[in-house]
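This briefing treats selected side-chain features of one protein chain, grouped by topic. Please consult the sequence and the structure shown here before reading on.

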Amino acid sequence: MNDQVRAHLSAAAICILCACVGARDSADVRLQRSEPAGIALAAAIDEVRSIQLYGANQEDLPILNMQTGHRLTLEFDLLDAQPKALSVYFYHADRSWRRDLDPAEYLNVFYRDDIFDYSMSLATTVGYTHYAYSFPNGNIDFRLSGNYVLRVTEHGQENEILFERPFAVVENMVPVRFALERLLTGRQVLPTVQPLVRFTPPNELRGSAFDYSVCFARDGVIHARCTNRPSLADQPSLLFYLEPEMSFAPQEGDYYLDIRELNTGVQIEYIDRAVLPIAVTLAPDYARFPAGTWQPLLAGQSVIGLYGPDAGITDVQGEYVEVLFRYVPPDDAPLPGGLFMVGSFNGWNLDLGNELRWIAAEGWYEQTVLLKQGQYEYRYTSPDPRVRSKISTRVPATSSLYTALIYFRDTGAATDRLLGFAQVRSN
């Protein structure tokens, strides 16, 4: 690490963040957005839709600060289902997302809770039951920080799984100085972003510096690129950074969808209200068109809701519509392998059973997705590297959110605690 970088870290421009807010990787990593290496999540059953897990705002990542008294909120819908109670279970995991402890070691009260807060949809063409649940609460309280997995099941039946989602609990014990360096390598037009973090371990945890590790993430992931090799030049403070080859290369801008209002316009070409569900045809997405600079930065989260004065009850008023996506690839020609969509609406999971269809007569790919009215981010991708290389012509995003998570390997607890968290936005 050169002197210029060290000077940059100590400059006044460094953002010192002590609050929990929220955190996408290059195309090959994004295929595993909710299930990166080491984390295995139960997929949602078909009846479950519009899963959200967030902090104070829907755009916030699900990272809970133990010291603030804030809570996380879980919302989701069950299609064509009569209201019923469900259960929620919590599992602790180490830094690599391996589930590792018994509930009594990380929970204070009960090891499961029941979800009784549900409402039927109001005058919608597709009926559904909306569920909401917030925690910690009188039944669920966390005694240990770290990575967690939340599981929703049939009432009282732990193995009758509806879906799972990851989140994190942070102690916020260490103020974190977080900076971004920009590196130009090879023939890159835009720089690679190298994240750097400096912090001083608390007095009671100043054991080996190698008990600490830092994970970095971009735009909407909790699991991230990690390093356990600190610079020891300025002890007791520790400096962690990613090597250039592990840092964040320029990333294509995601596509953005706003269907809060079901009116034709720039995004929506046609609406068929004579069918159930209502059918919405979007304007085609072109591989070579840049991302819109006007779109909000959702950090990989879905923001579900409507415009208008009824914001307080839109959870049960939003319509489910069949959205037809169309994608025009480079050269208007079929790709050498399968093409798929991932987005905030499916947890950024690559579903190999939902390959887009090539429509030769039109020169584009098509796929329909059942979505609730709201705002979403998505992208086109493939497990085939030839396809990813072919479609990587979209202009890179100009702004991203970067996140740093500070882990401590606690031998007494036999797991990794999450001591600090910080976020900074690049422009």
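With which side chain does the side chain of histidine 130 make a polar contact? The partner is the side chain of glutamate 75, at 2.8 Å; a polar contact is a pair of N or O atoms within 3.5 Å, where within protein one must be able to donate a hydrogen and the other to accept it, and residues adjacent in sequence count only if both atoms are side-chain atoms. The model is predicted: local features need pLDDT of at least 70, side-chain atom pairs count only at pLDDT 80 or more, and totals for chains, interfaces and linings use all residues. Residues are numbered from 1 along each chain as its sequence is written, and side-chain values use heavy atoms, with hydrogens and water left out.

- Histidine 130 belongs to strand E8 (residues 128–135); helices (H or I, at least four residues) and strands (E, at least two) are DSSP runs, numbered from the N terminus.
- Histidine 130 is buried, its relative accessible area being 7%; buried means under 20% relative accessible area, exposed over 50%, and partly exposed in between (1.4 Å probe, protein chains only).
- Apart from neighbours within four places in sequence, histidine 130 has contacts with Glu75, Phe76, Asp77, Asp117, Tyr118, Ser119, Asp315, Val316 and Lys372, where contact means heavy atoms within 4.5 Å.
- Arginine 165 lies in strand E10 (residues 161–170) and is buried, with a relative accessible area of 16%.
- When residues up to four places away in sequence are not counted, arginine 165 touches Ile51, Leu53, Tyr148, Val149, Leu150 and Gly347.

**Disulfide**

- One disulfide is found in a search of the whole structure; the term denotes a pair of cysteine sulfur atoms within 2.5 Å.
- The bond joins cysteine 215 and cysteine 226, whose sulfur atoms are 1.9 Å apart.
- The link of cysteine 215 and cysteine 226 is right-handed, with 100° about the S-S bond.
- Cysteine 215 is in strand E13 (residues 212–218) and cysteine 226 in strand E14 (residues 225–227), 11 residues apart.
- Cysteine 215 is buried, at a relative accessible area of 3%.

**Aromatic pairs**

- The structure holds 28 aromatic pairs; rings of Phe, Tyr and Trp (its six-membered ring) pair if their centres lie within 6.5 Å, and planes under 30 degrees apart count as stacked, over 60 as edge-to-face and the rest as tilted.
- The ring centres of phenylalanine 90 and phenylalanine 167 are 6.1 Å apart and the planes stand at 90°, so this pair is edge-to-face.
- This pair links distant parts of the chain, with phenylalanine 90 in strand E5 (residues 86–93) and phenylalanine 167 in strand E10, 77 residues apart.
- Phenylalanine 90 is buried at 1% relative accessibility, and phenylalanine 167 is buried at 0%.
- Tyrosine 128 and tyrosine 320 also form an edge-to-face pair, 5.2 Å centre to centre with 80° between the planes.
- Tyrosine 128 in strand E8 and tyrosine 320 in strand E21 (residues 320–328) are 192 residues apart, and their pair links distant parts of the chain.
- Tyrosine 128 is buried at 0% relative accessibility, and tyrosine 320 is buried with a relative accessible area of 0%.
- One aromatic cluster is formed by Phe90, Tyr106, Tyr133, Phe135, Phe142, Tyr148 and Phe167.

**Charges over rings**

- The charged end of arginine 99 sits over the ring of tyrosine 91, 5.3 Å from the ring centre; the criterion is NZ of Lys or CZ of Arg within 6 Å of the ring centre and within 35 degrees of the ring normal.
- Arginine 326 lies over the face of tryptophan 364, 4.7 Å from the ring centre.
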